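Please examine the sequence and the structure shown below. The report that follows describes how parts of this chain are arranged.

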Amino acid sequence: VSIFARSLADLVNWLRESNNELALTSRVFDESGQGIMITDASTKILRVNQAFLRIAGYTAQESIGKTPSILRSGMQDAAFYQKLWNKLNRDGVWQGEIWNRHKNGNLYPEWLTIYSLKNDKNEVTNYLAIFDDITEKKDYERRLVHLANYDSLTDLPNRNLLQQFVGSLMQEALKTSG
């Protein structure tokens, strides 16, 4: 009886620790500032976190059971997605910039990483997508390019832009004369 009681106590402690770890993992998933989406092997969405809901505009109920194509912006062609899937299938991970569509119709750029999760038989069981909305970063980059090429006071093209323009004209002239 004492051996059974000790085994039962060990099992209860193990279950308690496992439950605490699961609760912590769930909290990290939900509290992450990055959008997270988990799909099954056929790309049906199983779970999304709060950042996904904020970035994409969909509720969990509107997302779960659908495919990630609900976010498709139309800005990437079939060849882009073919390359994405080829790399993901070959390497188990794909990372890059992609444009998606918010539920309200607005397009937004995101930095996306997709992982294929496999079982011990090397079969894909799930896909994990983690992404950041990089709209502010892209706006900042555009502003820097503008500042590098236009006068900050008059907003007229500056010497840098003029040099680029003259350089491209000279290259075109060389191509057509050569």
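## The nonpolar core

The largest nonpolar core has 20 residues, and Phe52, Leu112 and Ile114 touch the most other members. A nonpolar core is a set of buried Ala, Val, Leu, Ile, Met, Phe, Trp, Tyr and Cys residues joined through side-chain atoms within 4.5 Å. Buried means under 20% relative accessible area, exposed over 50%, and partly exposed in between, for a 1.4 Å probe and protein chains only. Two or more residues of this core are given by each of β2 (45–48), α2 (50–56), α4 (78–91), β3 (93–101), β4 (107–118) and β5 (124–133). The largest share, four residues, comes from α2. Helices (H or I, at least four residues) and strands (E, at least two) are DSSP runs, numbered from the N terminus.

This is a predicted model, in which local features need pLDDT of at least 70 and side-chain atom pairs count only at pLDDT 80 or more, while totals for chains, interfaces and linings use all residues. Residues are numbered from 1 along each chain as its sequence is written, and side-chain values use heavy atoms, with hydrogens and water left out.

## Phenylalanine 52 and its aromatic partner

Phenylalanine 52 counts as buried because its relative accessible area is 0%. Leaving aside neighbours within four places in sequence, phenylalanine 52 is in contact (heavy atoms within 4.5 Å) with Gly35, Ile36, Met37, Gly57, Ser63, Leu71 and Phe131.

A pair of aromatic rings is described by the distance of the centres and the angle of the planes. Rings of Phe, Tyr and Trp (its six-membered ring) pair if their centres lie within 6.5 Å; planes under 30 degrees apart count as stacked, over 60 as edge-to-face and the rest as tilted. By this rule the count comes to four aromatic pairs. In one of the pairs, phenylalanine 52 and phenylalanine 131 are edge-to-face, at 6.0 Å centre to centre and with 75 degrees between the planes. This pair links distant parts of the chain, since phenylalanine 52 belongs to helix α2 and phenylalanine 131 to strand β5, 79 residues apart. Phenylalanine 131 has 1% relative accessibility and therefore counts as buried.

## A cluster of rings

The rings of phenylalanine 80 and tryptophan 94 have centres 5.9 Å apart and planes at 85 degrees, so this pair is edge-to-face. Because phenylalanine 80 lies in helix α4 and tryptophan 94 in strand β3, the pair ties together parts that are 14 residues apart in sequence. Is phenylalanine 80 buried or partly exposed? With a relative accessible area of 23%, phenylalanine 80 is partly exposed, whereas tryptophan 94, at 9%, counts as buried.

Ring pairs link Phe80, Tyr81 and Trp94 into a cluster. The charged end of arginine 72 sits over the ring of tyrosine 81, 4.3 Å from the ring centre. A charge sits over a ring if NZ of Lys or CZ of Arg is within 6 Å of the ring centre and within 35 degrees of the ring normal.

## The sheet

Five strands form an open sheet in the order β2-β1-β5-β4-β3, and the pairing is antiparallel. Two strands pair if DSSP finds at least two bridges between them. The edge strands are β2 and β3, each of which pairs on one side only. Neighbouring strands are turned by 25 degrees against each other on average, direction ignored. Helix α4 packs on the sheet and touches β3, β4 and β5; its direction makes about 150 degrees with that of β3. Axes are lines fitted to C-alpha atoms, for helices over the stretch in contact, and angles run from 0 to 180 degrees between N-to-C directions.

In a regular strand the side chains alternate between the two faces of the sheet. Strand β3 has a covered face with Trp94, Gly96, Ile98 and Asn100, and an uncovered one with Val93, Gln95, Glu97, Trp99 and Arg101.

Which strand does β3 join through nine bridges? The partner is β4, and the two run antiparallel. Glycine 96 stands opposite leucine 112 in β4, and asparagine 100 has tyrosine 108 as its bridge partner. Five residues lie between the strands of this hairpin, where glycine 105 takes a positive phi near 100 degrees.

Serine 116 also lies in β4 and is buried, with a relative accessible area of 13%. Leaving aside neighbours within four places in sequence, serine 116 is in contact with Leu88, Gly92, Val124, Asn126 and Tyr127.
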